[in-house]
Amino acid sequence: MIVTSARDRAGAEFYFRSRLDRERAARQFLETRQFSEEICRPLETEDYVVQSMEEASPVKWHLAHTSWFFETFLLSQIRPDYQSMSPQFSYLFNSYYVQAGERHPRPRRGMITRPTVEDVYQYRKVVTEQVLKVIENSRQADLDKLLPVIEIGINHEQQHQELILTDLKHLFSQNPLMPAYVAEPDPSAAAPASLSWIPFEGGLIEIGHDGDGFCFDNELPRHRRFAEPFELADRPVTVGEYLEFMGDGGYREPTLWLSDGWARREERGWESPLYWRHGDNGWEAFTLFGLRALEPSEPVCHVSYYEADAFARWAGARLPREEEWETAAAGIPTAGGFAEDRRFHPRPAPRGDGRIRQMAGDVWEWTQSAYLPYPGYQPPEGAIGEYNGKFMCNQFVLRGGSCATSRSHIRPTYRNFFYPDARWQFAGIRLARDADAS
């Protein structure tokens, strides 16, 4: 049986507070598994196999890895006689869990032509059926111990659904045919919403997850921080505003850039956000519905931390600290563009009404906060403890979710993290400034 003890001092019960019951667990598990396969329906067999860069993974690998996760951390733990469809899957589809065994090198995932796509779907079918049997047939006392593991598996698969979409976008962008993943939805053009500043008093504030709902371990423990008075922009930076930065020489002025960022810009030849290109009729961007003209009112996305920081400096502002962001987002409804909307592209901010807008969905928002453990944090014991803690180095926190994130997956305390040069995620910019800077 899986050990479910945790260190109360550190608040490390990140998957031990499940609010699921038998019925909800079965429903949410099955809905999550089905949504992974739904977002793959537009694909051809060839689309499943290719790996476009080291940071991305083939769709087939994502589908298999999320099944491996349930197999490794649930099925094989509670059934000593459990037999995988193939003993080699534990090597092929482990990602970074060192304690779970040897792993196939990440840069070579695109070389795994076998098992076939059909084999992987059969693997998913078997694992799904076995997990449902566990949920349906376990004694209540045993199920109470298993539900937290099932819940983290559901949330883990939702993370990979987002990665499937972002990795597919990068893959399709490498194809000279510029193929569309889906047809373009109704146009999102709108009059650019003016930007205004929302003041916050600061002071001694609390951040981090609170309550019995699910969260990841990196959202714990809840703790106090002090914030000076600050202001946040009421919406994310738009494409039109970013074009002004570019037109004013933003990519050619080293004084706007962090030294490491300027080195990356020169090394990689950055002149615009990822997926932008200058066509015959002006700037265009590759989207999951193909190549299209830029829409100035939409939030800019696919920018690195370095680009976001340079833009903020050019605008006479800065990026928010994560405690500022979380304070502003507390109590705001989770309303925005999410994966369930099947749009897979950020929408313009709604018309302003004097309140902060678009804090959830559409684009992740870079913060200037390094991805570090909260005071008192301790990762859970065992292989599952490798989920977050060992990555707390050299990365920055993003908040809010994107158009590729599931609505049920996000919350104000959620901490995403990427290296500062990452651009293939739907990452955008929200400005902040000290209150005395206004």
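Student: Rings of Phe, Tyr and Trp count as a pair if their centres lie within 6.5 Å, taking the six-membered ring for Trp. How many aromatic pairs does a search of the whole structure find?

Tutor: It finds 37. Keep in mind that this is a predicted model. One of the pairs is Phe245 with Trp314, which is edge-to-face, with 5.6 Å centre to centre and 70° between the planes.

Student: Where in the chain do Phe245 and Trp314 sit?

Tutor: In distant parts of it: Phe245 belongs to helix α6 (residues 239–247) and Trp314 to helix α8 (residues 305–314), 69 residues apart.

Student: OK, switching to charges. How many salt bridges does the count come to?

Tutor: The count comes to 34. Take Glu219 and Arg411, whose closest N and O atoms are 2.7 Å apart.

Student: Are Glu219 and Arg411 buried or exposed?

Tutor: Both are buried.

Student: Which side chain meets Arg399 in a salt bridge?

Tutor: Glu326 does, at 3.0 Å from N to O. Here too distant parts of the chain are linked, with Arg399 in strand β9 and Glu326 in helix α9 (residues 322–329), 73 residues apart. Arg399 counts as buried because its relative accessibility is 0%, and Glu326 is buried at 5%.

Student: Now Asp142 and Arg139, which form a salt bridge. Why does Asp142 count as buried?

Tutor: Its relative accessibility is 19%, and buried means under 20%. Arg139 counts as exposed, at 59%. The closest N and O atoms of that pair are 3.2 Å apart.

Student: Which residues are linked in a network of salt bridges?

Tutor: Asp260, Arg264, Glu267, Arg268 and Asp421.

Student: Let's do sheets. In what order do the three strands of the open sheet come?

Tutor: β1-β4-β12, with antiparallel pairing. The edges are β1 (197–200) and β12 (432–434), each pairing on one side only. From one strand to the next, the twist averages 25°.

Student: What packs on the sheet?

Tutor: Helix α9, which touches β1, β4 and β12 and makes about 70° with the direction of β4.

Student: Last topic, the largest nonpolar core. How many residues does it have?

Tutor: It has 100, and Tyr181, Tyr242, Trp366 and Ile429 have the most contacts inside it. Helix α5 (residues 140–173) gives the most to this core, with 12 residues. A separate core has 10 residues, including Phe200, Ile356, Met359 and Ala432.

Student: Which residues does Tyr242 touch, leaving out those up to four places away in sequence?

Tutor: Val237, Tyr251, Pro273, Trp276, Val300, Val303, Glu307, Phe311 and Ile429.

Technical notes. Residues numbered from 1 in each chain as written. Predicted model: local features only at pLDDT ≥ 70, side-chain atom pairs only at ≥ 80, totals over all residues. Heavy atoms only, no water. Salt bridge = Lys/Arg side-chain N within 4 Å of Asp/Glu carboxyl O. Buried < 20%, exposed > 50% of the residue type's maximum accessible area, 1.4 Å probe, protein only. Helix = DSSP H or I, 4+ residues; strand = E, 2+ residues; numbered from the N terminus. Pairing = 2+ DSSP bridges. Axes fitted to C-alpha atoms, helices over the stretch in contact; angles between N-to-C directions. Contact = heavy atoms within 4.5 Å. Core = buried A, V, L, I, M, F, W, Y, C linked by side-chain atoms within 4.5 Å. Phe/Tyr/Trp six-rings, centres within 6.5 Å; stacked < 30°, edge-to-face > 60°.
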